[in-house]
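User: I would like to understand how one part of this model is built into its surroundings. Please begin with the chain as a whole and then take a close look at that part.

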Amino acid sequence: HAALALITHVVMFSNALSRTAPTLSTSTTSFSAPKASRGTKARRSLSIVAAAPNLPFDPREYRRELGKSSQYSRKFLNDEEAASKMTNDGISYSKTGLVAEMKANGFTYERDGLTFKLADAYGFCWGVERAVQMAYEARKQFPESKLWITNEIIHNPTVNERLSEMGVNFIEETSGEKDFSGVNAGEVVILPAFGASVHEMKFLADKGANIVDTTCPWVSKVWNAVDTHKRKEFTSIIHGKYSHEETVATASFATTYLVVKDMKEANYVRDYILNGGNKAEFLEKFKHAMSENFDPDTDLDGVGIANQTTMLKGETEALGKLFQQTMMEKFGVENVDKHFIVMDTICDATQERQDAMYKLVDDKPDIMLVVGGFNSSNTSHLQEISEDKKIPSYWVDTAERLDPASNTITHKLAHGELVTTEAWLPNRPVTIGITSGASTPDKVVEDVIDVVFATKSALQSAVSR
């Protein structure tokens, strides 16, 4: 996904969208469906009516109307059987394992000269647990139907492997484009926790698919903020990574947007707003991270701030203050509200895990272990916090990245490099801080700790020989 251009995702369905949206102004469009399976209610057809000819497609209104259809569900059933299966599959919170024991004992565990300190906020967040359970519930609710996920349900290989074992299919990508050709009417398509673009929603609805939307409510909150920007005719400045699925989805709800990755890029945009600059250079720099026909000379007079929910809280706040100050300088303090808006869209779970990580690294452990999917943005920022504190830090996605016999660990750095470190665990008493990303089940953390103890045992055996 790293090289995936945002515009590719958004434009993929634009032909279908532009063909259908204008014609809806004078008639309704109904999506037929096969006969409902036994035990499920018959679906009413979905009707979408546009307001008037020549008006642009309204993503929020479309999603609202889609939500009224029995073709679409975002209901969390809180099914006990599904929750129990998740626990049995190791895709849940630890209730009796080592992580549960650590939580009951001040987030600490000592043995064989190793002291583990667990962050006091870590691992599975509410939105992720909800999304995964909804996928389990969908399998139970549609036992005879073919199930698809438009992407990984969450960014964790263990969870996605379990879903694959349950017969859930994953939409494949080729050259940066998703291949939906295998999806047929009446089949079930699950939208992941980080959302899907409104173009994908419409495309799937047009195919007659049943849609189970597990989008985290915090992500939906960002979409509402972007819609507010649009209605004020402001450009949405989205703090995020343009190729990340959540940012792709958020951008699809905007009319005009610019995706800014970090403060360096934000300051570049600030300088252009205040002083102008080389327009061709600007457009080249953000060619994958802006809306179609974006014009920096006219589209930056009014801006609203939104964010990918997994970004660093402090950086999102700093970015918002930077653009507020920019608008004050350009238009005057008294006019700032006419040119700038910001809403609180920082995810609580992301913030809590980052705050806990800062607290943990302030205690200066000898080593940090960060556990989470290698394509998990929120996990990368936990690793970044540790690296910034100059603590030896190892980000692994599974316990298989550690080899007890050779005392080696294959791990990822915050900015993407995959490296192997030899003799990573010293044969002396050490304190190891450990945390996990918001998409990581406790069982994966426990498996990593088990291998660390196995490594320690191998080191001691080697010395005694």
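What percentage of the contacts in the protein chain with a separation of 6 or more is accounted for by residues 24 or more positions apart? Then please examine Ile 154: where is it found, and which residues does it touch?

Analyst: This is a predicted model, in which local features need pLDDT of at least 70 and side-chain atom pairs pLDDT 80 or more, while totals for chains, interfaces and linings use all residues. Residues are numbered from 1 along each chain as its sequence is written, and side-chain values use heavy atoms, without hydrogens or water.

Residues 24 or more positions apart account for 70% of the contacts in the protein chain with a separation of 6 or more; a contact means heavy atoms within 4.5 Å. Of the 465 residues, 54% count as buried (under 20% relative accessible area; exposed is over 50%, partly exposed in between, with a 1.4 Å probe and protein chains only). The chain has 16 helices and 21 strands (DSSP runs numbered from the N terminus: H or I of at least four residues, and E of at least two).

Ile 154 lies in the loop between β6 (147-149) and α7 (157-165). With a relative accessible area of 1%, Ile 154 is buried. Leaving aside residues up to four places away in sequence, Ile 154 touches Phe 124, Val 128, Val 132, Val 159, Asn 160, Ala 193, Phe 194 and Ser 439.

β6 belongs to an open sheet of five strands, ordered β3-β11-β10-β6-β7, with parallel pairing (two strands pair if DSSP finds at least two bridges between them). At the edges stand β3 (72-73) and β7 (168-170); each has a single partner strand, so one side of each is left without a neighbour in the sheet. β6 runs parallel to β10 (residues 188-191), and three bridges join the two strands. In one of these strands, β10, Val 188 is the bridge partner of Leu 147. Helix α7 packs on the sheet and touches β6 and β7, its direction making about 120 degrees with that of β7. Axes here are lines fitted to C-alpha atoms, for helices over the stretch in contact, and angles run from 0 to 180 degrees between N-to-C directions.

For comparison, consider another sheet in the chain. Four strands form an open sheet in the order β13-β12-β14-β15, again with parallel pairing. Its edge strands, β13 (257-260) and β15 (340-342), each pair on one side only. Neighbouring strands of this sheet are turned by 25 degrees against each other on average, direction ignored. Within the sheet, β12 (residues 235-239) is joined to β14 (residues 303-307) by five bridges, and Ile 238 stands opposite Ala 306 in β14. Helix α13 (residues 313-331) lies across β12, β13, β14 and β15, at about 175 degrees to β14.

Helices also pack on one another. The axes of α9 (residues 217-231) and α10 (residues 245-252) come within 9 Å and cross at roughly 35 degrees. Their contact is made by Val 219, Val 222, Trp 223 and Val 226 of α9 with Glu 246, Ala 249 and Thr 250 of α10.
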